[in-house]
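Biologist: Could you walk me through this one, starting with the overall make-up and then the packing?

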Amino acid sequence: MFRSFATALKTMRRSPYQAMVAILMMTLSFFVAFSFALVLFVANRALQYIETKPQVIAYFDVKATNEQVDSAKNAMQQKPYVAEVKVVTKQDALKIFQEENKKDPLLSDLVSADILPASLEVSATSVDELETISIDLKKIDGVDEVVYQKEVIAKLASWTKTIRQSGLAVTGVLFLITLLLVFVILSLRVAVKRKEIGILNLLGASRWYIRGPFMIEGILYGVIGSVIGWVSSFIVLLYATPAIVGFFGEIRVLPIPTLTLVSLLGGGVLVGLFLGLVSSYLAVARFIRH
Amino acid sequence: MMPMVSFSNIRKMYGDQVIFDDLNLTVDPGEFVFIIGRSGVGKTTLMRLLTQQVTPDAGSIFIEDIEVGKLKRKDVQKLRRMIGVIYQDYKLLTERTVGENIALGLEIINKPKEEINSRIEDLLQLIGLPGKANLFPTQLSGGEAQRVCIARALATAPRMLFADEPTGNLDDETARSIVRLLSKINELGTTVIMATHNQSLVDHLGKRVVSIEGGKAVEKVKKTKEKGKGE
């Protein structure tokens, strides 16, 4: 193991430009992957924030009793797809009205709680359940009108899905490209050392003895590339923080928790290790077979 | 006494071309045998059969009591460590120093660094190239490179050396010095099989000579010196 490590380092030192290209390409791939992961994280935070906002509002008839409203609240809370139910009583509605019209005291004086309807504000566990919640609310006795911005929410749901699916697809394609890239680079390295591999074979070297340095080299490319990629994307995130915060306003998408960042680094290092291992194994296996 | 190597009823073809047809050859421990024959008769194939780079179409090969054809891949590696092979084109790694080239076989069997360094010094003395451990193969003459190849083959103290046309790229004087070196190694107890097409090298040493003719091993003369005495 130590010999393989030392040989890999010696090879990298003796041909620094090849090593530099391999590490740079790996870094670039990981930089894109980490950046995408961070964008996805921020987008997810924003979506979670929006999803927790009241999404369906049911207005009761002005004649509806408090018992009817409480019974409706209890009924909705039982539903597994309902995240939160909030009651806005006639008095709460009046307070909101007065707050919104405090610059016009005459208008506020004209309106009393009796003419304002009580309402239920319902949040769903998923935006896909909004239609079901809307139907449930309409069936409740005393409910006059159910309001939710169907098109906005449908678009939001569609965006959520698109971001998640395209994220998976882009990440998948990216790692496939990275795998092939490292495979090609290491194949070139192995091809250059074909004579050496042949001689080692004739001298009775074990497979690990021959493969070891190449595999360690591949792992080093992967691990170093992922660490530099992570550091680069973190620096870019720090640089872009004021712009991101300004863009999202009241939605707190930053800071990203330390645990998330450390997990990203750990995951990246593991992926880099795996990519280096698999690609170098495949690259060397081809030549050993021949 | 158990032979060091025995080829029994070997048949080997490359496509339609018959290389060996019922070849039989036995080499005893400690022997020095010249394998002669014109280019393309199968001298290198003999070495490849021995190291399991190729397998015979029929027949069996034994190295001491080990049947080469029945070895598993892992054991083939061990077998190759038992045989020192010397090549016409030296097969030295140009990006490694002389010392590092000689050390290859020892590193493969995980010898400690100190032992490797001491062995390199001893071998460089034996081949007459002391103090050249840090040179690269490109800085050596053909004869020196071949000596390094011999040292590399000897590093793991193999019981047998197979020299495949070791003098093919060398001038007569250097070639003779290489053969003298192999003779010296043989006198120290290592079995040596040397393939060559250079009849003049064979004549003056008085060793056993086997010629490959028509796919068979033909015993030419037991000892060339004895022949000379007899005449």
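**Talking through the two chains**

Modeller: Chain A has 10 helices and four strands, and please keep in mind throughout that this is a predicted model. Read along the sequence, the elements of chain A follow the pattern α-α-β-α-β-α-α-β-α-β-α-α-α-α.

Biologist: And how many helices and strands are there in chain B?

Modeller: Chain B contains eight helices and 10 strands.

Biologist: What percentage of the residues of each chain counts as buried?

Modeller: In chain A, buried residues make up 29% of the 290 residues, while in chain B 39% of the 231 residues count as buried.

Biologist: What about contacts between residues 24 or more positions apart, what share do they have in each chain?

Modeller: Taking the contacts with a separation of 6 or more, residues 24 or more positions apart account for 85% of them in chain A, and for 67% of them in chain B.

Biologist: Back to the strands of chain A, then: in what order do they sit in the sheet?

Modeller: The four strands of chain A form an open sheet in the order β2-β3-β1-β4, with antiparallel pairing. Because β2 (82–88) and β4 (143–147) of chain A stand at the edges and have a single partner strand each, one side of each is left without a neighbour in the sheet. On average, and with direction ignored, neighbouring strands of this sheet are turned by 20° against each other.

Biologist: How many bridges join β1 to β3 in chain A?

Modeller: Strand β1 (residues 56–60) and strand β3 (residues 119–124) of chain A, which run antiparallel, are joined by four bridges. To give you a residue to look for, Tyr59(A) has Ser119(A) in β3(A) as its bridge partner.

Biologist: Which helix packs on that sheet?

Modeller: Helix α3 (residues 66–77) of chain A packs on the sheet, where it touches β1, β2 and β3 of chain A, and the direction of this helix makes about 170° with that of β2(A).

Biologist: Staying in chain A, how do α1 and α9 cross?

Modeller: The axes of α1(A) and helix α9 (residues 207–248) of chain A cross at roughly 65° and come within 8 Å of each other, which means that α1(A) is roughly perpendicular to α9(A). Their crossing is right-handed.

Biologist: Which residues meet there?

Modeller: From α1(A) the residues are Ser4(A), Phe5(A), Thr7(A), Ala8(A), Thr11(A) and Met12(A), and they meet Gly212(A), Pro213(A), Ile216(A), Glu217(A) and Leu220(A) in α9(A). By class, the residues of this contact of α1(A) with α9(A) divide into six nonpolar, four polar and one charged.

Biologist: OK, switching to chain B, what do α3 and α5 do?

Modeller: Helix α3 (residues 98–108) and helix α5 (residues 142–154) of chain B have axes that come within 7 Å and cross at roughly 30°, so α3(B) and α5(B) are roughly parallel to each other. The crossing in which α3(B) passes α5(B) is right-handed. On the α3(B) side the contact is made by Val98(B), Asn101(B), Ile102(B), Leu104(B) and Gly105(B), and on the α5(B) side by Val148(B), Ala151(B) and Arg152(B). The residues of this contact between α3(B) and α5(B) comprise five nonpolar, two polar and one charged.

Biologist: And α5 with α6 in chain B, at what angle do their axes cross?

Modeller: The axes of α5(B) and helix α6 (residues 172–187) of chain B cross at roughly 15° and come within 10 Å, and therefore α5(B) and α6(B) are roughly parallel to each other. The crossing of α5(B) and α6(B) is right-handed.

Biologist: Who touches whom between α5(B) and α6(B)?

Modeller: Gly142(B), Gly143(B), Gln146(B), Arg147(B), Ile150(B) and Leu154(B) of α5(B) meet Thr174(B), Ser177(B), Ile178(B), Leu181(B) and Ile185(B) of α6(B). In the contact of α5(B) with α6(B) there are five nonpolar, five polar and one charged residue.

Biologist: Last topic, how many residues are in contact between chain A and chain B?

Modeller: In the predicted model, 10 residues of chain A are in contact with 13 residues of chain B. On the side of chain A that touches chain B, α1 (2–14) and α8 (194–202) of chain A each supply at least two residues, and the largest share, three residues, comes from α8(A). By class, that side of chain A has five nonpolar, two polar and three charged residues.

Note on methods: Residues are numbered from 1 along each chain as its sequence is written. Chains are lettered from A and ligands numbered from 1 in the order in which they are written. This is a predicted model: local features need pLDDT of at least 70, side-chain atom pairs count only at pLDDT 80 or more; totals for chains, interfaces and linings use all residues. Two strands pair if DSSP finds at least two bridges between them. Axes are lines fitted to C-alpha atoms, for helices over the stretch in contact, and angles run from 0 to 180 degrees between N-to-C directions. Two residues are in contact if their C-beta atoms, placed from the backbone, lie within 7 Å. Angles under 35 degrees count as roughly parallel, over 145 as roughly antiparallel, 65 to 115 as roughly perpendicular and the rest as oblique. A crossing is left-handed if the near helix is turned anticlockwise from the far one by less than a right angle, and right-handed if clockwise. Ala, Val, Leu, Ile, Met, Phe, Trp, Tyr, Cys and Pro count as nonpolar, Asp, Glu, Lys and Arg as charged, and the others, Gly among them, as polar. A residue is buried if 20 or more other C-beta atoms lie within 10 Å of its own, exposed if 12 or fewer, and partly exposed in between; C-beta atoms are placed from the backbone.
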